[in-house]
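The sequence and the three-dimensional structure are shown first, and the description follows.

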Amino acid sequence: MYVPPAFREDDLPTLHALMRETRLANLVTATDEGLMATPLPLFLAPDEGPCGTLYGHLARANPQWKQQSLGEAMVLFTGSEAYVSPSWYASKEEHGKVVPTWNYIAVHAYGPAEFFDDADRLLEVVTRLTDLHEGRRTAPWAVADAPVDFIRAQLRGIVGLRLPITRIQGKRKMSQNRSAEDRAGVATGLATSDRNSDREVAALIPT
């Protein structure tokens, strides 16, 4: 990922927080059959390895896990994003030398993709993912709510993923390279959008 210095995010706890905020990531591997990608919910074990380790699972019928990965796998975490109109820049009125752009947050994590089908490990992964996403509900569902035999049968239909992160890149492009006046214009423009995602980005523009 191309990351100009103005947009680089290197702080590991911040990168981990951005990854946690992304509810669905994309696992990408290069294989003899070409590039393969799967959208996946993942959880992060931050203290497992120097950069943390990711866990999730794929459908057993998914061919991606069966193909030998050529080199590292990559997991794409895409955060808040919004189109930025040049009409919002104060500098448009000054000299007109402005063009459209896009503000966004992205984290790319790299490492070897390890697949496993041990039932106990799979149950732990499924349980942790479920607890993570059910935790904020007033009446959360738990894996233990379903019959044991049913869950064991479901586990036979998936394959676990473990990806120890060997390197990580972060990019936070939120108009940092613009003047304070231009940033204020972008924040105001996005804040008045009818898109929730635009309003989320408005709050991330540095003042």
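Over the ring of which residue does the charged end of Arg121 sit? That ring belongs to Phe116, and the charged end of Arg121 is 3.8 Å from its centre. The model described here is a predicted one.

**Overall form**

The protein chain holds 6 helices and 9 strands. Its C-alpha atoms fill a box of roughly 70 × 45 × 30 Å, taken along the principal axes. Of its 207 residues, 42% count as buried. Among the contacts between residues at least 6 apart in sequence, 74% join residues at least 24 apart.

**Strands and their pairing**

Strands β1 (residues 25–31) and β2 (residues 34–40) run antiparallel and are joined by 7 bridges. Together they form a hairpin, with 2 residues between the two strands. Within this pairing, Ala25 has Leu40 of β2 as its bridge partner.

Strand β4 (residues 53–59) has pairings with β3 and with β8. The following table sets out the antiparallel pairings described in this report.

| Strand | Partner strand | Bridges |
|---|---|---|
| β1 (residues 25–31) | β2 (residues 34–40) | 7 bridges |
| β3 (residues 43–45) | β4 | 3 bridges |
| β4 | β8 (residues 158–164) | 7 bridges |

Tyr55 can be followed through both pairings of β4. Phe43 stands opposite Tyr55 in β4, and Tyr55 in turn stands opposite Arg162 in β8. Strand β4 is mostly covered, since 5 of its 7 residues are buried. As a general point, the side chains of a regular strand alternate between the two faces of the sheet.

**Aromatic pairs**

How many aromatic pairs does a search of the whole structure find? The search finds 2. In one of them, the ring centres of Phe43 and Tyr55 are 5.3 Å apart and the ring planes lie at 15 degrees, so the pair is stacked. Because Phe43 lies in strand β3 and Tyr55 in strand β4, this pair ties together parts that are 12 residues apart in sequence. Both Phe43 and Tyr55 are buried.

In the other pair, the rings of Tyr83 and Trp102 have their centres 5.6 Å apart and their planes at 65 degrees, so the arrangement is edge-to-face. Tyr83 belongs to strand β5 and Trp102 to strand β6, and the pair therefore ties together parts that are 19 residues apart in sequence. Tyr83 has a relative accessible area of 37% and is partly exposed. Trp102, at 42% relative accessibility, also counts as partly exposed.

**Helix α5**

Helix α5 (residues 180–191) consists of 12 residues and reaches 16 Å from its first C-alpha to its last, which is close to the 16 Å expected at 1.5 Å a residue. Its buried residues are Asp182, Arg183, Gly185, Val186, Ala187, Gly189 and Leu190. What covers these buried residues includes the strands β5 and β6 (101–111) and the helices α2 (91–94) and α6 (196–202). In general, an α-helix has 3.6 residues a turn, so residues three or four places apart point the same way.

**Positions in the loops**

Ser175 lies in the loop between β9 (167–173) and α5. Although Ser175 is not a glycine, it has a positive phi of about 65 degrees. Most residues other than glycine have a negative phi. Is Ser175 buried or exposed? With a relative accessible area of 2%, Ser175 is buried.

Gly135 is found in the loop between α3 (119–134) and α4 (148–155). In contrast to the buried Ser175, Gly135 is exposed, with a relative accessible area of 52%. Its C-alpha atom is separated by 47 Å from that of Lys92, and the two residues are 43 residues apart along the chain.

Ser69 has its place in the loop between β4 and β5 (73–84). The side chain of Ser69 reaches the backbone oxygen of Gly71 at 3.1 Å. Leaving aside residues up to four places away in sequence, Ser69 touches Thr29 and Ala30.

Definitions and conventions:
Residues numbered from 1 in each chain as written. Predicted model: local features only at pLDDT ≥ 70, side-chain atom pairs only at ≥ 80, totals over all residues. Heavy atoms only, no water. Buried < 20%, exposed > 50% of the residue type's maximum accessible area, 1.4 Å probe, protein only. Helix = DSSP H or I, 4+ residues; strand = E, 2+ residues; numbered from the N terminus. Pairing = 2+ DSSP bridges. Polar contact = N/O pair within 3.5 Å; in protein donor to acceptor, adjacent residues only side chain to side chain. Contact = heavy atoms within 4.5 Å. Expected span 1.5 Å × (residues − 1). Phe/Tyr/Trp six-rings, centres within 6.5 Å; stacked < 30°, edge-to-face > 60°. Lys NZ or Arg CZ within 6 Å of the ring centre and 35° of its normal.
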